[in-house]
Amino acid sequence: MKKYHVVPDRDVQGWYVKIEDTAPVDHYEMKTDAIEYAEKIAQENKPSKLYILDQDREVVEERKY
(Lines give C-alpha, C1' and ligand atoms only; values in the text may rest on other atoms or scores of the structure.)
Protein backbone atom coordinates (compact mmCIF):
# COMPACT_ATOMS: atom_id res chain seq x y z
CA MET A 1 0.00 0.00 0.00
CA LYS A 2 1.43 3.35 -1.05
CA LYS A 3 1.53 6.18 1.47
CA TYR A 4 1.24 9.81 0.46
CA HIS A 5 1.85 12.83 2.67
CA VAL A 6 0.98 16.52 2.49
CA VAL A 7 3.57 18.29 4.64
CA PRO A 8 4.60 21.91 5.16
CA ASP A 9 7.97 23.16 3.96
CA ARG A 10 10.51 24.30 6.52
CA ASP A 11 9.16 27.87 6.78
CA VAL A 12 5.50 26.86 6.33
CA GLN A 13 5.42 29.06 3.24
CA GLY A 14 4.16 26.19 1.11
CA TRP A 15 3.24 22.52 1.09
CA TYR A 16 4.91 19.42 -0.31
CA VAL A 17 3.35 16.25 -1.61
CA LYS A 18 5.53 13.26 -0.74
CA ILE A 19 5.26 9.63 -1.81
CA GLU A 20 6.35 7.11 0.83
CA ASP A 21 9.66 8.21 2.34
CA THR A 22 11.11 9.70 -0.83
CA ALA A 23 11.96 13.27 -1.68
CA PRO A 24 8.96 15.59 -2.22
CA VAL A 25 7.21 15.24 -5.55
CA ASP A 26 5.67 18.70 -5.90
CA HIS A 27 5.52 22.01 -4.02
CA TYR A 28 2.38 24.12 -3.69
CA GLU A 29 1.74 27.54 -2.17
CA MET A 30 -1.72 26.52 -0.95
CA LYS A 31 -2.37 23.51 1.28
CA THR A 32 -5.68 22.87 -0.51
CA ASP A 33 -3.88 22.56 -3.86
CA ALA A 34 -1.42 20.08 -2.37
CA ILE A 35 -4.26 18.00 -0.90
CA GLU A 36 -6.12 18.02 -4.20
CA TYR A 37 -3.09 16.70 -6.08
CA ALA A 38 -2.26 14.13 -3.39
CA GLU A 39 -5.85 12.84 -3.44
CA LYS A 40 -5.71 12.47 -7.20
CA ILE A 41 -2.55 10.37 -7.21
CA ALA A 42 -3.65 8.35 -4.16
CA GLN A 43 -6.94 7.47 -5.87
CA GLU A 44 -5.07 6.48 -9.05
CA ASN A 45 -2.86 4.10 -7.06
CA LYS A 46 -5.32 2.23 -4.85
CA PRO A 47 -4.96 0.82 -2.27
CA SER A 48 -3.29 3.81 -0.69
CA LYS A 49 -3.33 6.15 2.31
CA LEU A 50 -3.04 9.91 2.44
CA TYR A 51 -1.72 11.62 5.55
CA ILE A 52 -2.30 15.35 5.95
CA LEU A 53 -0.01 17.09 8.41
CA ASP A 54 -0.31 20.48 10.06
CA GLN A 55 2.35 23.17 10.43
CA ASP A 56 3.77 21.29 13.45
CA ARG A 57 4.18 18.20 11.24
CA GLU A 58 1.58 16.23 13.15
CA VAL A 59 -0.99 14.09 11.34
CA VAL A 60 -4.36 15.81 11.46
CA GLU A 61 -6.15 13.62 8.95
CA GLU A 62 -5.77 10.19 7.37
CA ARG A 63 -7.67 9.11 4.26
CA LYS A 64 -7.82 5.65 2.71
CA TYR A 65 -8.42 4.90 -0.95
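1. Which side chain meets Arg-63 in a salt bridge at 2.7 Å, N to O? The partner is Glu-61. A salt bridge here is a side-chain nitrogen of Lys or Arg within 4 Å of a carboxyl oxygen of Asp or Glu. The model is predicted, so local features need pLDDT of at least 70 and side-chain atom pairs count only at pLDDT 80 or more, while totals for chains, interfaces and linings use all residues. Residues are numbered from 1 along each chain as its sequence is written, and side-chain values use heavy atoms, with hydrogens and water left out.

2. Overall architecture. Helices (H or I, at least four residues) and strands (E, at least two) are DSSP runs, numbered from the N terminus. Along the principal axes, the C-alpha atoms fill a box of roughly 30 × 20 × 20 Å.

3. Of the 65 residues, 34% count as buried. Buried means under 20% relative accessible area, exposed over 50%, and partly exposed in between (1.4 Å probe, protein chains only). Among contacts (heavy atoms within 4.5 Å) with a separation of 6 or more, 33% come from residues 24 or more positions apart.

4. Strand E4. Six of the six residues of E4 (residues 48–53) are buried, so this strand is largely enclosed by the rest of the structure. Ser-48, Leu-50 and Ile-52 point one way, Lys-49, Tyr-51 and Leu-53 the other, and all are buried. In a regular strand, side chains alternate between the two faces of the sheet.

5. Neighbours of E4. Strands pair if DSSP finds at least two bridges between them. Strand E1 (residues 2–8) runs parallel to E4, joined by five bridges, with Val-6 opposite Ile-52. Strand E5 (residues 59–64) pairs with E4 in the antiparallel sense, also over five bridges, and Lys-49 stands opposite Lys-64. The E4–E5 hairpin has five residues between the strands, and Arg-57 there takes a positive phi near 65°.

6. The other hairpin. Strands E2 (residues 15–19) and E3 (residues 24–28) pair in the antiparallel sense over four bridges; Tyr-16 has His-27 as its bridge partner. Four residues lie between E2 and E3, and Glu-20 in the turn has a positive phi of about 50°.

7. Salt bridges. The count comes to four. Arg-63 also meets Glu-39, at 2.0 Å, N to O. This pair links distant parts of the chain, 24 residues apart: Arg-63 is in E5 and Glu-39 in helix H1 (residues 31–44). Glu-39, Glu-61 and Arg-63 are linked in a network. The three count as partly exposed: Arg-63 at 21% relative accessibility, Glu-39 at 23% and Glu-61 at 34%.

8. The Lys-49 pair. Glu-62 forms a salt bridge with Lys-49, with the closest N and O atoms 3.6 Å apart. Glu-62 lies in E5 and Lys-49 in E4, so the pair ties together parts 13 residues apart in sequence. At 18% relative accessibility Lys-49 counts as buried, whereas Glu-62, at 40%, counts as partly exposed.
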